[in-house]
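Let's take a walk through this one together. Have the viewer open and follow along as we go.

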Amino acid sequence: MSRLPRRVLFYLAAGAVAVTLNFFLPRLMPGDPATTLVATYSGQLTAEDLQALRDAYGLVDAPLWQQFATYLSHLFRGELGVSLSQFPTPVTEVIGTGFGWSLLLGLVSVLLSFAIGSVIGAVAAWRRGSRFDSIAPPVALFAGSFPYFFMALLALYLFAVQWQLLPLGQAYGFDVEPGLNAAFAADVLAHLVLPAGTVVLVSIGGWVLNMRNTMIGVLDEDYLLMAEAKGLSTPRVVGSYAARNAILPTFTLLGLSIGNVFAGQLLTEVVFSYPGLGYQLYQAVTTHDYPLMQALFLLITVSILVVNLLVDVAYVLLDPRVR
Amino acid sequence: MAPNSISRRTLAIATGAFLLAGCAGTTEPQKPQSQGPLLTIIAEQGATLARNFNPFAATSRWATRNALYEPLMIWNHVTGTLEPSLATGHTWSADNKTLTLTLREGVTWSDGTPFGSADVLFTLELMRTHKGLVGEAATPLAQYVDTITAPDAKTVVIALREAITPALYDLVSQRIVPKHIWEKVADPVTETNQNPVGTGPFVLSTFRPQGYELKRNDKYWQKVEIPGLRLSGYTGQDQINAAVLSGQIDWGAVVPDPDKTFVAKDPANHHYWWPRTADVNLVVNTTLKPFDDPAVRKAFSMALDRARMVDIALWGKSDVANAVGLPSQAYPGWLDESVLAEGKKTVTLDLAAANAALDAAGFAKGADGKRTTPDGKPAAWDLIVPTGWTDWISVAGIVSSSLAQAGITANVKTVGFDNWSSTVYGGKFQLTLGAGKRGATPYGYFRDMLSTATVKPVGEVSTNNFHRYGNAEADKLLTAFAATSDEAEQKRIAADLQRIYVAELPTIPLYEQPDWGAFVTKRYTGFPSADNAYAPLANDPLFPTTYLVYPKLKAAR
């Protein structure tokens, strides 16, 4: 009964800490956005122009605590400001273009590797010592131990350059009309295969191992012996009795992975020019784009907190023991 | 110094259905081009691009300054000529204080409105009255321009407060905007100009956050054969390499080790051309001891193995620097051979001479072979270079190992670009690398290298003269240079400036920096190349020379 309110309180406190860190961390980095700007356009800006641009960008020399107060008041009014590196595009618009793609790529790859990995893990545990068990988990782990960058480049080279089976990069091609139609959906799917596929390939090993281990623990339980003794079919025993109980710890991990989706998949986005949030964050950091960085960090922390809260809620539903 | 080289480098830094409607962004539906292949150019970085076509914004899309809005004239740094564009010619008054520009007849904006002197007048006045607009004309407008008038629809007269003839190049490079549209813009600093109307050879046809397409402007004043341009955003060198190898690119920028990685894949169609217009220097902070001593700078210079830098960092595709730090091909007729011969030994590897010079300067050599400064401190400094600038990082490594031979320690440190720029431009560095300014005449280069006018106190940002060296004699020569429009006189003065540079060696020239450029002739031919050197090949956003290339491109076969 008191579990949920306590969790909510905890998340609120964590959110407040995150909002504070969001402001101060970017400003601890050496360098500042104005110099970066001068560096690029030195010959084309006078001192007065630079000052005018600093004003337009909202870069003030006021004390940090004063800037922090302004940041908080803007935040409460829901104003995230304009991006400096893509001035004067509002931060919400910049993030808006990447958000959908990150969510698509992230959710598809996390859910796929979770689903496939858990099934392989469950089957491997059920048939402990079988040929499947001695091949599938090691192969999955082997694939996962490759550096992602290497794996992704190899896939890009083979499938997109050498055999030209799949598109090189980006989220959809130039020749289709974006919109709710089958041609566009098919194009998006084709563009998703390589980025999502490579992520699944390297992350599946963890899920397999996790599921196999917890499953083995569950298999010794008396209720499984009981289920088998009752004469239930094997799929039913594995699915509804063993896997259902074994999946609980893996579920927490899933929540964490889904939360991380919002941080973007930087390496995937770099290799495949996929228009997600990871590269935007990278660009924001390298150009000292404070407003964009703040908004992205906020999005990441809030989503991780929200997803964790959802996992907590789901736990209550899934596991009667914590009620 | 370095800023000119940043844009080209950014490319080298390597690195469910229900959502679909939202992902597609705010673009209105438009059919993609179908008539012939579009010329695909690599010039945009990032996988999501903001729709900004404001020619006065630092953050606008590449096409804004390189395909949509044209300048009055175009400085062609390959041929050394000032090419006509919206203006067909210029004249200076006898006292070099009044510049008269003659505009081209029959030019219209892409919406059909005729172009005229009112547009030029409006653009320049707009920049004068609104601070924060980025453009080549900003500095001369703020510093030298007195009045701008338009006696008739095809003539613009700019009166300067003093005779500064090099201001010409900045003024005529300014991209011109249409008065009838921009006079309605509330704030030109924050305007995103989503539907650009320019005089250029192309108009925007499709915009998506992943890339955009331009189609030929049928009202353009020149004949252009290519049907349009396609610009996709790329996030890293791997994507670019893959796109090039699968034949999707027509015109690109940097290709590492081009003979092996690029030309060999398709020798008939893959080409590159790297003309050189600026040098890379080892920059010392002359406000610090012992770098204030020219003898020390020369000693460092003689210890450096420049040939190795060219071989390793540039795959042998360039030349070592001469003593004045200007590329030998970039300024025909401007370099004084006698000064070059005089300074040759200071830029030639001679370890014995370097050691002797260091001994003479009071750098005692310890038992471990490492020297100490005359103040008794270890002769060790940090050499900082931006992360990911791979050619500079390998050059820095060679500088470090060369100096170690002479008992000097240079610790190579790579830092993020923004950190590098604030440290270097703020004067808080010890050693770094920098590139000389490219310009129509060596005036701008020597102004950055030698003028006291460009020296700022440490802590204040200086992007031009970050070695912070000033010379009173050079000031007088630069003033005399700017006051005349007689090229013979300017060349004589430039020789004196070269003499001062060699004597003082404010920065240490290393090698000639190529302007990266590569092209594929499968679909289109006519790109500038060594055999057909009519314009620069690099599609650098800081230079409008792309406008010289478009009319020359023809469909292959």
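Start in chain B, at the residue that follows helix α15(B): G427(B), with a positive phi near 80°. Keep in mind that you're looking at a predicted model, so treat angles like that one as computed values.

Now step back into the helix itself. α15(B) runs over residues 417–425 and is mostly covered, with nine of its nine residues buried. Reading along the helix, the buried set is F417(B), D418(B), N419(B), W420(B), S421(B), S422(B), T423(B), V424(B) and Y425(B).

For some context on chain B, UniProt has an unreviewed entry that lists residues 82–446 as "domain: Solute-binding protein family". Over that stretch the chain is 29% helix and 24% strand, and its end C-alpha atoms sit 20 Å apart.

Next, hop over to α8(B), another mostly covered helix, where seven of the nine residues are buried. Those are D238(B), Q239(B), I240(B), N241(B), A242(B), A243(B) and V244(B). Just past the helix, G247(B) has a positive phi of about 75°.

What covers the buried part of α8(B)? The cover includes β1 (39–45), β10 (228–234) and β11 (251–252) of chain B, together with α7 and α11 (266–272) of chain A.

Let's zoom in on one of those partners. A pair of packed helices is described by the angle between the axes and the distance between them. Here, α7 (residues 148–162) of chain A and α8 (residues 237–245) of chain B have axes that come within 11 Å and cross at roughly 20°. Angles under 35 degrees count as roughly parallel, and α7(A) and α8(B) are therefore roughly parallel to each other. The crossing of α7(A) past α8(B) is right-handed. On the α7(A) side, the contact is made by L153(A), L156(A), Y157(A), A160(A) and V161(A), while α8(B) brings D238(B), A242(B) and L245(B). Sorted by class, that contact has seven nonpolar residues, one charged residue and no polar ones.

An unreviewed UniProt entry annotates "transmembrane region" over several stretches of chain A, including 99–126, 138–160 and 246–267. Residues 99–126 of chain A are 100% helix and 0% strand, with end C-alpha atoms 39 Å apart. For residues 246–267 of chain A, the figures are 77% helix and 0% strand, with the end C-alpha atoms 32 Å apart.

Note on methods: Residues are numbered from 1 along each chain as its sequence is written. Chains are lettered from A and ligands numbered from 1 in the order in which they are written. This is a predicted model: local features need pLDDT of at least 70, side-chain atom pairs count only at pLDDT 80 or more; totals for chains, interfaces and linings use all residues. UniProt positions are given in the numbering used here, feature names are shortened, and annotations may be inferred rather than shown by experiment. Helices (H or I, at least four residues) and strands (E, at least two) are DSSP runs, numbered from the N terminus. Axes are lines fitted to C-alpha atoms, for helices over the stretch in contact, and angles run from 0 to 180 degrees between N-to-C directions. Angles under 35 degrees count as roughly parallel, over 145 as roughly antiparallel, 65 to 115 as roughly perpendicular and the rest as oblique. A crossing is left-handed if the near helix is turned anticlockwise from the far one by less than a right angle, and right-handed if clockwise. Two residues are in contact if their C-beta atoms, placed from the backbone, lie within 7 Å. Ala, Val, Leu, Ile, Met, Phe, Trp, Tyr, Cys and Pro count as nonpolar, Asp, Glu, Lys and Arg as charged, and the others, Gly among them, as polar. A residue is buried if 20 or more other C-beta atoms lie within 10 Å of its own, exposed if 12 or fewer, and partly exposed in between; C-beta atoms are placed from the backbone.
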